[in-house]
Amino acid sequence: MSLLLTFLAVGIGGALGSACRAWVISAFEARCKHWLMRGALVANVVSCFLAGLCLGLALSGLPQMVLMVGFFGGLSTLSTVNLDAAGYFLSKRYGRCFAYLLVTYGATLAVVLAGFALGQSLL
């Protein structure tokens, strides 16, 4: 497949992932008012688990690019996580800031490893 078609496919995957992230964030935050449970956290955990699963399944080539770079890249959002954390920090809620970052990075690492293990077990 040509480089142009690969870029196009990854871009479509990214657009779909971004649209899903917007939906997850708005739907989740409309229903859950707990300060720690942010829509960005949910989107990142789901994205990281699925990326770990694809890694464990040894996905390669165009499917890997479309899913892992495109869709999961669009679904996950480091910038929103850091904006949420900065909001807590700037409003002097330091404990919330660091707890949110700890939970986010701890959970996303854990689910990448869990997804990888599941993918490996399915091979």
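Residues are numbered from 1 along each chain as its sequence is written, and side-chain values use heavy atoms, with hydrogens and water left out. Because the model is predicted, local features need pLDDT of at least 70 and side-chain atom pairs count only at pLDDT 80 or more, whereas totals for chains, interfaces and linings use all residues.

A pair of aromatic rings is described by the distance of the centres and the angle of the planes. Rings of Phe, Tyr and Trp (its six-membered ring) were paired if their centres lie within 6.5 Å; planes under 30 degrees apart count as stacked, over 60 as edge-to-face and the rest as tilted. By this rule there are four aromatic pairs. One of them joins Tyr88 and Tyr100 in an edge-to-face arrangement, at 6.0 Å centre to centre and with 75° between the planes. Tyr88 belongs to helix α4 (residues 78-90) and Tyr100 to helix α5 (residues 94-122), so the pair ties together parts twelve residues apart in sequence. Helices here are DSSP runs (H or I, at least four residues), numbered from the N terminus.

Burial was assigned from relative accessible area with a 1.4 Å probe and protein chains only (buried, under 20%; exposed, over 50%; partly exposed, in between). Tyr88 is buried, at 6%, and Tyr100 is buried as well, at 0%. The rings of Phe89 and Tyr94 also make an edge-to-face pair, because their centres are 4.9 Å apart and their planes stand at 70°. Phe89 is partly exposed at 38%, and Tyr94 is partly exposed at 37%. Phe89 and Tyr94 form one aromatic cluster with Phe98.

Phe71 is located in helix α3 (residues 61-75). The 15 residues of α3 should span 21 Å at 1.5 Å a residue, and the end C-alpha atoms are 20 Å apart, which agrees; the expected span is 1.5 Å times one less than the number of residues. Buried residues of α3 are Gly70, Phe71, Phe72, Gly74 and Leu75. Their cover includes α1 (3-31) and α2 (39-56).

Contact was taken as heavy atoms within 4.5 Å. With neighbours within four places in sequence left aside, Phe71 is in contact with Gly13, Gly14, Leu16, Gly17, Cys20 and Val66. Between Phe71 and Ser2 there are 20 Å in space, C-alpha to C-alpha, and the two are 69 residues apart in sequence. In helix α2 lies Ser47, which is buried at 3% relative accessibility. Beyond its neighbours within four places in sequence, Ser47 is in contact with Phe72, Leu75 and Ser76.

Notes:
Helices (H or I, at least four residues) and strands (E, at least two) are DSSP runs, numbered from the N terminus.
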